[in-house]
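Subject: Structure handover

Hello,

Here is the structure we discussed, with notes on what was found in it. Please look at it first and then read on.

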Amino acid sequence: MIIDAHCHVGQGRWVSQTAEELLRQMDTARVDMAVICPVDRQIAVDNREGNDAMIAACRAHPDRFRGLAVANPWYGERAEKELKRALAGGLAGLKVHSARQGHYVNDEILDPLLRLVDVVGGFVYLHMGTPEVAMPLEAIDLAYRFPSVSFILGHCGGVDVHWPLSWEVLETCPNTLVETSHVAFTGYFEEPVRRFGGSRFLFGSDSPVGAMEVEKWKLERLDLPGSEDIFGGNAERLLKGRGVL
Amino acid sequence: MIIDGHVHVTLDGWAAFDAEKAHSLGLDACLCYSGAWADTGVSMELARAQNDNLARLRSETGMVAPFGTVHPIWGEAAAQEMERCIRTLGFPGAAFNPHQAGYMLVRQHYNLKSNLFHSPIFEVLRDTRAPVVFDCDYLADYSSPAQLGEMARRLPDNPIIMGHSGWNAMWPMAIEVAARTDNLFFETASVPTGGIKLAVQRLGADRVIFGSDFPCDNGHTVAYELRKIRSLGLTPADEALVLGGNLWRMGILSEGDGRRRPAMPRQARR
């Protein structure tokens, strides 16, 4: 099964995509399943609206979608309640976008939410690549504090100078994986994939920000070892670990 | 004709120019500048040698549009070198890579002569009205889209090209600023496909410039970046503008450049 580990559904300020539009992209790119999360405003403030949309999309297309919840930690106990509700609704884990949500990625303000994810066996997708608030070597703190939670470093950690920071995180923390969207220098994957194994990488497109077909093609042409894991096996294990696949 | 708007050429072995390879990847001409590590202020002589190398490549390959590079910390000497590039060697433009070269447009140097807004280089750029590329990646301190918007406002007769246009973090800022600044151009290397699509919608295809960062990653980026553009579903006319028409209209190529020649000499590798 081919799984795109990072897509968005919703009407955003910059990019928008309906569930139906995403399904068409998946069909074109021959992707079986997508892990979806809400868009900008819903990530930042309207968390409940975003989570309800993810739950509805997953229920409407149970063979194609799994979803991640959002909860801005600045809402405190309200965020915890919302995350509990969303996880009870079948969402697989938590998407953290510390740049949109206004905290350092390793801020302890996240800890109550991460404890909830830990309890249900979920995983966490971390937006990466915004200096000061969302960088790989800062994310490493979370991986240390929650060793039984799997953390996905989005966009391979950010841009070219950030990628080597992600390799350091992979080296040190076995509970971390790297997602591949927007990495233009694809040859840079080859050595790290051989070094750490395909079990530490996840194909993701960030659709509709990235074009799913293009993001998939860029990895296919590399003939990476462990590509079955990269294109779906790892995401499948994370979803099964949470009990939603 | 495909003109790549973001190509590095250096003498340090990092980015040697291989015309045959560029052609094999589908490129007809390249906007080239040294950029990155080699112009980090190590020596004025190296910068001069790299600019001379670009001049040589232009005449040998017929596919290089050379953009001169200097480090602003050199003050008057930098301005003289830029003047030599544009007025003596006939370079069509200038390029700066603030992040990789370790300087901020405005804030870092207390010596105003090395502050780009007040440096003698600024006067050369203003007087020549040459197109100017600024690498505009992910570190807002160095050369964010907003800072380049201010540069474009202070150089209203120069086309200002945002190299990377904020990359995958600040491309929305690049679109917003360019929408308010007519002489600011959006270059696509490493920008997510959805960002490029929105840039074409908001700014128009005549403000968007294809770039690949060739020869980074051994040239693999070219096919990826071309595929991104071709996945947008643009009209043939708009696609032609993005893939080279806009740079052509800026006049960065010499007469006859961009037409493939039977034998392309390779740059000597050191």
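B:A95 stands opposite B:V133, a residue in strand 5 of chain B. The model is a predicted one, in which local features need pLDDT of at least 70 and side-chain atom pairs count only at pLDDT 80 or more, while totals for chains, interfaces and linings use all residues. Residues are numbered from 1 along each chain as its sequence is written, and chains are lettered from A and ligands numbered from 1 in the order in which they are written.

Strand 5 of chain B (residues 132-135) pairs in the parallel sense with strand 4 (residues 93-96) of chain B over three bridges. Strands here are DSSP runs of E with at least two residues, helices are runs of H or I with at least four, and both are numbered from the N terminus; two strands pair if DSSP finds at least two bridges between them. Strand 5 of chain B also runs parallel to strand 6 (residues 160-163) of chain B, joined to it by four bridges. There, B:I160 is the bridge partner of B:V132.

In a regular strand the side chains alternate between the two faces of the sheet. Both faces of strand 5 of chain B are covered, with B:V132 and B:F134 buried on one side and B:V133 and B:D135 buried on the other. (Buried means 20 or more other C-beta atoms within 10 Å of the residue's own, exposed means 12 or fewer, and partly exposed is in between; C-beta atoms are placed from the backbone.)

The largest nonpolar core has 87 residues, and B:C30 and B:C32 have the most contacts inside it. Such a core is a set of buried Ala, Val, Leu, Ile, Met, Phe, Trp, Tyr and Cys residues joined through C-beta atoms within 7 Å. Its largest share, eight residues, comes from helix 8 of chain B. Another core, of 76 residues, lies apart from it and includes A:V193.

A:V193 is also one of the buried residues of helix 9 (residues 187-196) of chain A, together with A:F189 and A:P192. Seen down the helix axis, the buried residues of helix 9 of chain A fall within an arc of 105° (taken from the directions from the axis to the C-beta atoms), so they line one face. On the other side of this helix, A:E191, A:R194 and A:R195 are exposed. Just after helix 9 of chain A, A:G197 takes a positive phi of about 90°.

Regards
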